[in-house]
Protein chains: 2
Amino acid sequence: MVEKSKKTVNNTEKRETLKEDTDAKSELINLGKKVLNDIYSGNSPKIELYVRGLSNVKYDKESKTLQLGDKTAQRFFFNVGHSKKFLQTLEVAAICKTLLDVNKHASLRDVFYMAKRTIPGTKINIVDEQKESDKAIEDLEIITGFSRENLNVNANKMGSVAGKVIIEDSGDTIDWSKLGSGGWSIPSNVENIKFKKVDAKYVIYMEKAAVWERLHEDRFWEKQNCIIMSSQGQTTRGIRRLLQRLNNEHNLPILVLTDGDIYGFYIYSVIKFGSISLAHMAGEMAIPDVKFLGVTMDDIIKYDLKRHFIKLTDQDRARIKQMQNYDWFVKHKEWQRQFKMMKEFDAKVEIQSLSSKGISFISEKYLPEKIKNKEWLD
Amino acid sequence: MVEKSKKTVNNTEKRETLKEDTDAKSELINLGKKVLNDIYSGNSPKIELYVRGLSNVKYDKESKTLQLGDKTAQRFFFNVGHSKKFLQTLEVAAICKTLLDVNKHASLRDVFYMAKRTIPGTKINIVDEQKESDKAIEDLEIITGFSRENLNVNANKMGSVAGKVIIEDSGDTIDWSKLGSGGWSIPSNVENIKFKKVDAKYVIYMEKAAVWERLHEDRFWEKQNCIIMSSQGQTTRGIRRLLQRLNNEHNLPILVLTDGDIYGFYIYSVIKFGSISLAHMAGEMAIPDVKFLGVTMDDIIKYDLKRHFIKLTDQDRARIKQMQNYDWFVKHKEWQRQFKMMKEFDAKVEIQSLSSKGISFISEKYLPEKIKNKEWLD
């Protein structure tokens, strides 16, 4: 690895250094101790944390992910503008500590209801809306250097997986190749899963559950020796972490398969580079070497899909313009070419339009051909 | 069973009689043969089917489900108003026959793309929009008496399940009690699943995946000897059929657990009575003895949830009014009381507001107490 000056050491590294000799609970206890120290020494209790938001997010060329910068801010208890947020942060920290103590997990919505109580002697609630407790959790991710998942807070559960993989989870040994037509249901939190055996050359993550069912019925994962994973709709944090762990711990390439539209490109962008709101978690979430397998604008020509064109909406066009100018795409010739072609077509295609060529065209021709020829975008 | 006159024999019974000595493929072949016979005998080829839509849907008091009435319609090839629909029906029938021949499943979207081809010698597509092929599939459900799933056409995959159940599916033996924190991912089509062992007293179906994860982490299914099942959002046909099969084949009561709002009540209504658009499938989908476990308006008082009230929107109020007047609720005192209370509160609550009482309050107190006291709505 190239040597970096102190100044460019990024947040991920800070956290990773931290993590080696601590855990999430100790970090929460540390936070409490610091506040107590302030109180005992007669200072206004304060919390220090990195500033989030666009002003402190940068595209890190070396790690090729979005990263938080070095700007920090202090939050004081004796400051009318800060005190409510201060209280919210400590309240949610206490909730997370309890969750870790009793070894249970809660959803973001649960944490909101747990924090939503009236401050004794007042008519003021600690939180009134979920976005307040959500923000406190994000702050705690920055303060402790541990992800929400490590603080035992989960988001939505979604998605299925199949492949020649054996895992251990919650005391069970689970073989992803022996779960019938359904597959394993991906939990919202995959931090405690242990991989016992991973016999696969790569992972295909697809946007659509119906495509997953097609590939699964055709036993694509068996024939191609890969893992197939999908959600229906959003790429949850559980899925992103599962992809990242397979990539990091087992060196599996991750291939992304979506509709041939700007939202498909965006799904890829988030998996690869991270997102602005989660820049502080890039180290746990982003997968810089993920590839975009399709549907590309070139596929439309090669596989004769023009007759399945769906005209772009104004929203699509605006989104293309926005993504073209993202730091991480702006100098990327191949991606700029894709954006340009999409604009020229003024159209998008759905991945299921490949079904017009035959029900198993996708698993028997499209995917094997593309993968064999390494026809993907980086 | 009470004897019924010919006139009131409903569609479900017709289909069930049919099913005993036929299968979906034979019915598709029959359809083709009838059309061929018309052609050979010089008649305008025709398809006969029950009329769908509100004018031919009635609430059947005996079966307690929505049912199609007896009105039939004929669709002629030599009728300018009918010929396109006629063609679409036959095209989609041919696609379904192919799927059954090769023993593969397709999604509704796949079927659309397979049917979307230009009629030779014209510039006219057989279908231009998915709703056309979707309608043709619904027609084929009525014509053949078999569900879409039996025609090998699936919708979206969603949801997870856990419990002391062993199934066989696609050659695999799957134990729903040994699948870690994720559970089994429910496929879109559960027609071919075989239950090998079902050791459970009832099933709880919940609207929210986060609640499922709570109950699963607490091993609620083990402690209470039940099955827990959830989706995230819509109750897919796969889930409804799985619930129905567990109810029919294993006599398991089904308990529905949702937010305390009008959409939660609607989820229950659809599982129990069926829906207007799927009245022809009531026999395969509706579960007349399903119970609504919560959150009821009485729970709000009993469990002191008023401080988590969320004000109703105009849309909520309109929906309450609509549901109050449904045939199957209009004379139901207990449900009318619920609607009335909701209107008086002018508020709804989320199920996760129970978390304000403690992270496992739902699994340790709320549910065991309600189930023990049979506090549910029928």
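Reader: Start with α2(A) and α3(A): is their crossing left-handed or right-handed?

Author: α2(A) and α3(A) make a left-handed crossing. A crossing gets that name if the near helix is turned anticlockwise from the far one by less than a right angle, and clockwise makes it right-handed.

Reader: Before going on, what am I looking at, and how is it numbered?

Author: It is a predicted model, in which local features need pLDDT of at least 70 and side-chain atom pairs count only at pLDDT 80 or more, while totals for chains, interfaces and linings use all residues. Residues are numbered from 1 along each chain as its sequence is written, and chains are lettered from A and ligands numbered from 1 in the order in which they are written.

Reader: Back to the helices. At what angle do α2 and α3 of chain A pack?

Author: Helix α2 (residues 24-40) and helix α3 (residues 83-102) of chain A pack at about 140 degrees, and their axes are 10 Å apart. Helices (H or I, at least four residues) and strands (E, at least two) are DSSP runs, numbered from the N terminus. Axes are lines fitted to C-alpha atoms, for helices over the stretch in contact, and angles run from 0 to 180 degrees between N-to-C directions.

Reader: Which residues make the contact?

Author: From α2(A), Ala24(A), Lys25(A), Leu28(A), Leu31(A) and Val35(A); from α3(A), Leu90(A), Ala93(A), Cys96(A), Lys97(A) and Leu100(A). Contact here is counted if the C-beta atoms of two residues, placed from the backbone, lie within 7 Å. By class, there are eight nonpolar, no polar and two charged residues. Ala, Val, Leu, Ile, Met, Phe, Trp, Tyr, Cys and Pro count as nonpolar, Asp, Glu, Lys and Arg as charged, and the others, Gly among them, as polar.

Reader: And in chain B, at what angle do helices α2 and α3 pack?

Author: At about 140 degrees, with the axes 10 Å apart. α2(B) passes α3(B) in a left-handed crossing.

Reader: What scores does the model have?

Author: ipTM is 0.84 and pTM is 0.86. Chain A averages a pLDDT of 90, and 94% of its residues score at least 70. pLDDT is the predictor's confidence in each residue, from 0 to 100. Over residues 1-18 of chain A the pLDDT is below 50; this stretch has 19 contacts in the model beyond near neighbours in sequence.

Reader: New topic, sheets. In what order do the three strands of the open sheet in chain B stand?

Author: The order is β9-β8-β11 (chain B), with antiparallel pairing. β9 (172-175) and β11 (194-198) of chain B have a single partner strand each, so one side of each is left without a neighbour in the sheet. Neighbouring strands are turned by 20 degrees against each other on average, direction ignored.

Reader: How many bridges pair β8(B) with β11(B)?

Author: Four, for strand β8 (residues 165-169) of chain B and β11(B); strands count as paired if DSSP finds at least two bridges between them. Ile167(B) stands opposite Phe195(B) in β11(B).

Reader: What about β2(B) and β3(B)?

Author: Strands β2 (residues 57-60) and β3 (residues 65-68) of chain B run antiparallel, joined by four bridges. Asp60(B) stands opposite Thr65(B). Their hairpin has four residues between the strands, and Lys64(B) there takes a positive phi near 60 degrees.

Reader: Last one: which peptide bond is cis in chain A?

Author: The bond from Gly294(A) to Val295(A), with omega near 5 degrees. Val295(A) sits in the loop between β15 (291-294) and α11 (297-302) of chain A. In chain B the bond from Gly294(B) to Val295(B) is cis, with omega near 0 degrees.
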